[in-house]
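Work through the exercises below with the model open. Try each task before reading its solution.

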Amino acid sequence: MTKAEPSRTAIVRRARRINRELAAMYPDAHCELDFTTPLELLVATILSAQTTDKGVNKITPVLFARYRTAADYASADREDIEKIILSTGFFRAKTTAIIGLGQALCDKFGGEVPHRMKDLVTLPGVGRKTANVVLGNAFGVPGITVDTHFSRLARRFKWTAETDPVKIEHEVGSLFPRSEWTMLSHRLIWHGRRVCHSRKPACGACGVAALCPSYGEGPVDPVLARRLVKSGPFS
Ligand code: SF4
């Protein structure tokens, strides 16, 4: 006899319990990119593609000291930016994106970062993921950030079977109150970076093991699992 699928109510209840456990485990979960303004966060998020937040945080103090406004980026010298952001990888494409971003902000939004999803996604280099990071962390508008960690954990928790980030965002969002979306994103990303890794999740040392339908996907032996846990900070 096959096991019956859990009801929608059971899925929602378990999802919210996992979120509460993660909140207790990571009371300090936050965006690990350093920023002081929406523009800085937008630029840092664009730079964080295919690299670590730590790597971005190393170079942004110099970049942000030299480029303070959208107009500064719009009129930037390409080579100067390329030199500063070189270590973040894909530096030519990222330079094109942030200069284009400065120009678009000046042309369409009076040099200010807009705080609506539909405006943010019109900017060069800005997709829904980046827009949600900015909305949630610079403007306090709830947003779900579907990065590689979030997608993997949402699937391991069986909150979704989707692989498309927009579908994941909507499906997971429907399990939680909007007010939880931003912090839920931070918690999943923190847990993914520290414990629930892509190749070898540290199941035997995981604080939500009792609630996780994928328990056993990684080593369950506590000693082995503890060795897999990475400690932050990652910024
Ligand atoms: S039990 Fe394993 S698969 Fe589930 S969240 Fe923890 S580390 Fe990830």
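**Exercise 1: a threonine in a helix**

At 6% relative accessibility, Thr45 counts as buried, because buried means under 20% relative accessible area, exposed over 50% and partly exposed in between (1.4 Å probe, protein chains only). This is a predicted model: local features need pLDDT of at least 70, side-chain atom pairs count only at pLDDT 80 or more, and totals for chains, interfaces and linings use all residues. Residues are numbered from 1 along each chain as its sequence is written, and side-chain values use heavy atoms, with hydrogens and water left out.

Task: find which element holds Thr45, which backbone oxygen lies 2.6 Å from a polar atom of its side chain, and which residues Thr45 touches.

Solution. 
1. Locate the residue. Thr45 sits in helix H2, residues 38-47. Helices (H or I, at least four residues) and strands (E, at least two) are DSSP runs, numbered from the N terminus.
2. Check the side chain. One of its polar atoms lies 2.6 Å from the backbone oxygen of Leu41.
3. List the neighbours. Leaving out residues up to four places away in sequence, Thr45 touches Leu33, Thr130 and Val133. Contact here means heavy atoms within 4.5 Å.

**Exercise 2: the whole chain**

Task: how many helices and strands does the protein have, and why does its radius of gyration agree with a compact globule?

Solution. 
1. Count elements. The protein has 12 helices and zero strands.
2. Apply the globule rule: 2.2 Å times the number of residues to the power 0.38, with the radius taken over C-alpha atoms.
3. Compare. For 235 residues a compact globule would have a radius near 18 Å, and the protein has 19 Å, so the two agree.
4. Get the box. Along the principal axes, the C-alpha atoms fill roughly 65 × 35 × 30 Å.
5. Check burial. Buried residues make up 47% of the 235.

Terms used:
Polar contact = N/O pair within 3.5 Å; in protein donor to acceptor, adjacent residues only side chain to side chain.
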